[in-house]
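Student: I am new to this structure. Can you show me how to read its features, step by step?
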Amino acid sequence: MKIKVDEKKCTGCGLCEVICSLSHMGIVDRNQSAIRIIMDDLGDSIHKPRVCRQCIKMKCLEDDLGKNPSLNVEEERKKFIWESIKRYELCPFEGCFAYNDKVYHCNLCDGEPQCVKVCTQGALTITE
Amino acid sequence: MPITRKRLTIDLTEKKVFCEEISLNERRRFLGGRGLNISKLFKMTHQNTDPLGPDNVLIIGGGLLNGLYFGRLNISAKSPESGYLGDSNIGGYFPSELARTGIGQIIITGKSKDPVYILINNNNVEIRKASHLWGLDTYETQIKIREELKCPDAKILCIGPAGENLVRFASVASGYKSMAGRTGMGAVFGSKNLKALVAIGSKPFQIFDPSMFQKTIIAVTEKLMKTGWAKALGRFGSPLLLHYANEKGFLSYRYHQKTSIGRDAESIEAEALDKYATGMVACSGCPVHCRHRYNSDSKFGMLKGEGPEYASVSSFGNQLGNLDIEAVLHLVGICNRLGIDTISGGGYLGWALTLYEKGIIDEKLTGLKLEWGNVDAIEKLLYKIAKREDFGDILADGVFAAKKLPEEAKKYLMHIKNISIEMTDERVVKAFALGLATSTRGCCHMRSRVSIDVVQYPRELLAKFYEADVGQSYKEYTGKSKMVHWHEVFNAMVDSVGICRFASVFSSINAIDYEDIAKLLYSATGIDLTPLELKELGERIYTLERLYIVREGIRRKDDTLPDHYFDVPVPDGPAKGHFIDRAEFEKMLDEYYELHGWDKNGVPKKETLVKLGLEEYSEN
């Protein structure tokens, strides 16, 4: 399961960021959200949501796996906050976000992604 | 917490900045935005305040839920366009960004000697030089500021040349098309030598009950998006209204000469924008996403931007006899860049074109062939207005231009409380007509437009909703005062929360309502106002705005419509023969004042002020 992004449909409303930080952190703060919209409000107005692509082979974990080969990849996948900044640096897709020494990573809300519920234009959808 | 956002007072004469708490009591009485603004504007300006003088105050107030769900703010000051209440609402991305700086309201006083802009970067407030930005249009200004701050995410409110040159109907712009358009707030910026306001914010919001707030957002969004109205807006944007107006005979063609143009309107209806649009975009926190983005080649060169709204299409389309959608996009884009309000701008241009047609003014005076649909002449005149050159300098004064024109010109000028008539003609829709006449900021459809009355609701359902007999049709007078009162009060409250008109009860009774807002407010902030208390809060705001204009001398005699509405029946089309009956109109007014608790002259009664807790304002 992963969240599929259709950039052309993103309206830039930012409700995905609101609901993500709200459901995981109990506050509203785009910096503490695992989805981010790169805004283009004075360009072509094409806004770009960025979120974890749920890669089968997680490049973001390579460094940590090197240090600790017994790291449980599936357990890491389920975590919303990662303590290792290196993972943010290694992601090739801007799919996770660093803020105050923590990395915010989409864990698919235990199978019920909240961001998809408020994306009324359908820029975010769930695919297997 | 949203309720801990602070108030900044910035004195541009002394270059001093002062920050203070906004008390919980103020929040419970006025919430934020429009409500909190009038509570301050009333006390900080007076009858002798010159709208363009340094003693006018410019108040920027964010809705209480900005940054969380939706995000709009009101800019209020004494109006240079009317001389009375100035107040204009704007969406886009600035309002939520300002909320993230921790600031809820900004009061700007005095006047800077040189052009400046104000930068609010979380806790740092800086008054920065803006001489190098003076003269730039609104897009150039925003791009330049982002470049010099090396911050592509900075959100900006700014004026264009029209505001700088004190055009009385100058707007304040943000992004491509978000505009605080009406009542000339751009000219107040200009009068203070204030080019822009910049927000860079990254503060998190603590939430009173996160789980309840999350559930409420999801439930309200789901409910809202189920309405046909929100679905249609998300597809066509507000231009879909043009079709309705034309079909029912309430659009203004050539400055109210006709109210419907049949199939000719198709060239500027919403579907005509499809050729240019590349998708839809939203304001911050809004699930409805009602504006087009477009990026297309045209006979005017590249057309790039967002919108336009129905009001802009109609103001620079049918109002000026221009049925070319490319020309509409082109002209509206110019207004947005120059910082000219499209509604008032289209209205004053419509008046000028009428005078030209009737031979009251001629090419010798105007320097231009001001014929209906002459796009080239209209474009040139817009630049002349913004720069206050030649005939543009006269027209830049809005209704006050009449003093500089032949006496007969006044006869054709249509306005209410010194604010131009709009792009619609309300002779057939009686609730619309009453709402224009009573709006506290002068001629304005957004204070109360009872859009619900013209869509196809069963009348018994409407009677239940408004708890009154609202007649069998929008063409009747029955119950319209009740409808106008309902929306005036509701809208005043909604503007203080920061939610958009298009998402709240406006054209659908199933959109966001009192109950939804009570839940959103409570779960987000802990403010436990009941729907009934929210209603009273809306009445408090509206009555205080009324008290403000009463202090300026406004009375029943001013709650009226242009003579054209009373004396000239619609000549043809679906509204043929309709006009506003004077006796029926007066009856509506009587009922309307009664509902607000104002006397027969439109002055709020003492007991109303006591009931609303507004006694402190009555002695001013």
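Tutor: Start with pairing. Two strands count as paired if DSSP finds at least two bridges between them. Note too that this is a predicted model.

Student: How many bridges join strand E3 of chain B to E6(B), and do they run parallel or antiparallel?
Tutor: Four bridges join E3(B), residues 58-62, to E6(B), and the two run antiparallel. Take one bridge as an example: B:Leu58 has B:Ile108 as its partner in E6(B).

Student: In which sense do E1 and E6 of chain B pair?
Tutor: E1(B), residues 6-11, pairs with E6(B) in the parallel sense, over six bridges. B:Lys6 has B:Ile103 as its bridge partner in E6(B). Further along, B:Leu8 stands opposite B:Ile106 of E6(B).

Student: Which way does E2(B) run against E1(B)?
Tutor: Antiparallel, with five bridges joining E1(B) to E2(B), residues 16-20. B:Ile10 is paired with B:Val17 in E2(B). The two strands form a hairpin with four residues between them. B:Lys15 takes a positive phi near 55° in that hairpin.

Student: Why does A:Leu108 count as buried?
Tutor: Apply the cut-off again. A:Leu108 is buried because its relative accessible area is 10%. B:His289 has 4% relative accessibility, so B:His289 counts as buried.

Student: What is the peptide bond from B:Gly307 to B:Pro308 like, cis or trans?
Tutor: Read omega. That bond is cis, with omega near -5°. B:Pro308 is in the loop between strand E16 (303-306) and helix H10 (310-316) of chain B.

Student: Now a helix. Where is B:Thr141 found?
Tutor: B:Thr141 is in helix H4 (residues 138-149) of chain B. Its relative accessibility is 0%, so B:Thr141 counts as buried. Next, list what it touches, leaving out residues up to four places away in sequence. The contacts of B:Thr141 are B:Leu133, B:Leu136, B:Cys158, B:Ile159 and B:Lys195.

Student: What does B:Thr221 touch?
Tutor: Not counting residues up to four places away in sequence, B:Thr221 touches A:Thr120, B:Tyr69 and B:Pro287. B:Thr221 belongs to helix H7 (residues 210-226) of chain B. B:Thr221 is buried, with a relative accessible area of 2%.

Student: Let us turn to chain A. How many helices and strands does chain A have?
Tutor: Chain A has five helices and eight strands. Read them in sequence order and the pattern is β-α-β-β-β-α-α-β-α-β-β-α-β.

Student: In what order do the three strands of the open sheet in chain A come?
Tutor: The order is E5-E7-E6, and the pairing is antiparallel. E5 (81-82) and E6 (97-99) of chain A each have a single partner strand, so one side of each is left without a neighbour in the sheet. Three bridges join E6(A) to E7(A), residues 102-104. One example is A:Ala98, whose bridge partner in E7(A) is A:Val103.

Student: Why does the radius of gyration of chain A agree with a compact globule?
Tutor: A compact globule of 128 residues would have a radius of gyration near 14 Å, and chain A has 14 Å, so the two agree. The C-alpha trace of chain A spans about 45 × 30 × 30 Å along its principal axes. Buried residues make up 50% of the 128 residues in chain A.

Terms used
Residues numbered from 1 in each chain as written. Chains lettered and ligands numbered in written order. Predicted model: local features only at pLDDT ≥ 70, side-chain atom pairs only at ≥ 80, totals over all residues. Heavy atoms only, no water. Rg over C-alpha atoms; globule rule 2.2 N^0.38 Å. Buried < 20%, exposed > 50% of the residue type's maximum accessible area, 1.4 Å probe, protein only. Contact = heavy atoms within 4.5 Å.
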